[in-house]
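Work through these exercises with the structure open beside you. Each task is followed by a solution in steps.

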Amino acid sequence: DRPLSSVHTIRSLAREVAARELPVDLSAVVTFVEPDLVQVFIADETGGIYTHTETPVPGTLKSGDQVRVVGITSPGDFAPSITVKSIVVTGAGRLPAPLHPKQRQLLAGSLDSQWMELEGIVRSARVNEAGNWVTLDVSSDGYRFDAEIPGMSPEGAQRLVDAEVRFRGVCASKWNAKRQFSKVMLRVTLG
């Protein structure tokens, strides 16, 4: 089989088709890297997608890197995704222009894994047990979303409470056991 080479093609697959582990070989830019280095969000000119690896990716991988991703399709927990076999940095990339979605677009769940800009007022800040990941509860025009920021200091997070903020990041949806959208999370990279 010829490898799939665009994010849109992969995201358009039905769950049953994505479960067939179709080959993937595409060029994209990294939009977010999880601190554990096994979950990476990428985007090409057709959209963004979630990827996961069985082993950590190189520790130098960062948002903005242009990469070649080879792997297989997966049905994902919410939307089709990529199981990465190899990810190689091919140079410096350019992050896509951020989407500026309306509330109804966000709450529909169709923007999962897309690069966007959201704004609102920080209502509270929480730090994970390890102290290396901050979650901000943000209120924006009648809805709420979580801005998740690895590497932010607890002190810096507390200074943002009650502040009006604007973030660029990747939309990462929360879902229930029936694969139904339940909440917007924005994964933000510092810097």
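**Exercise 1.** Which backbone oxygen lies 2.7 Å from a polar atom of the side chain of Thr51?

Solution. First, a note on the source: this is a predicted model, where local features need pLDDT of at least 70 and side-chain atom pairs count only at pLDDT 80 or more, while totals for chains, interfaces and linings use all residues. Residues are numbered from 1 along each chain as its sequence is written, and side-chain values use heavy atoms, with hydrogens and water left out.
- Step 1. Find Thr51 in strand β3, residues 47-53. Strands (E, at least two residues) and helices (H or I, at least four) are DSSP runs, numbered from the N terminus.
- Step 2. Look for the oxygen. It belongs to the backbone of Val40.
- Step 3. Check the surroundings. Thr51 is buried, with a relative accessible area of 1%. Buried means under 20% relative accessible area, exposed over 50%, partly exposed in between (1.4 Å probe, protein chains only).
- Step 4. List the contacts (heavy atoms within 4.5 Å). Leaving aside neighbours within four places in sequence, Thr51 touches Val38, Gln39, Val40, Ile42, Ile82 and Val84.

**Exercise 2.** Describe the setting of Val30: is this residue buried or exposed?

Solution. 
- Step 1. Locate Val30 in strand β1, residues 23-33.
- Step 2. Read the accessibility. Val30 has 0% relative accessibility, so this residue counts as buried.
- Step 3. Look at the contacts beyond four places in sequence. Among them are Val40, Phe41, Ile42, Leu61 and Leu95.

**Exercise 3.** In what order do the 5 strands close into a barrel?

Solution. 
- Step 1. Strands of a sheet pair through backbone hydrogen bonds, either parallel or antiparallel.
- Step 2. Trace the barrel. The order is β1-β2-β3-β5-β4, with mixed pairing. Two strands pair if DSSP finds at least two bridges between them.
- Step 3. Take one pair. β1 and β4 (residues 65-74) are antiparallel over 7 bridges. Ser27 stands opposite Arg68 in β4.

**Exercise 4.** How many aromatic pairs are there?

Solution. 
- Step 1. Apply the rule. Rings of Phe, Tyr and Trp (its six-membered ring) pair if their centres lie within 6.5 Å; planes under 30 degrees apart count as stacked, over 60 as edge-to-face and the rest as tilted.
- Step 2. Count. There are 4 aromatic pairs.
- Step 3. Classify Phe32 and Phe41. They are edge-to-face, at 6.3 Å centre to centre and 65° between the planes. Both residues are buried.
- Step 4. Classify Tyr143 and Phe145. Their centres are 6.2 Å apart and their planes at 35°, so this pair is tilted. Tyr143 is buried at 9% relative accessible area, and Phe145 is buried at 0%.
- Step 5. Find the cluster. Phe32, Phe41, Tyr50 and Trp133 form one.

**Exercise 5.** How many helices and strands does the protein chain have?

Solution. 
- Step 1. Count the elements: 4 helices and 10 strands.
- Step 2. Buried residues make up 49% of the 191 residues.

Definitions and conventions:
Polar contact = N/O pair within 3.5 Å; in protein donor to acceptor, adjacent residues only side chain to side chain.
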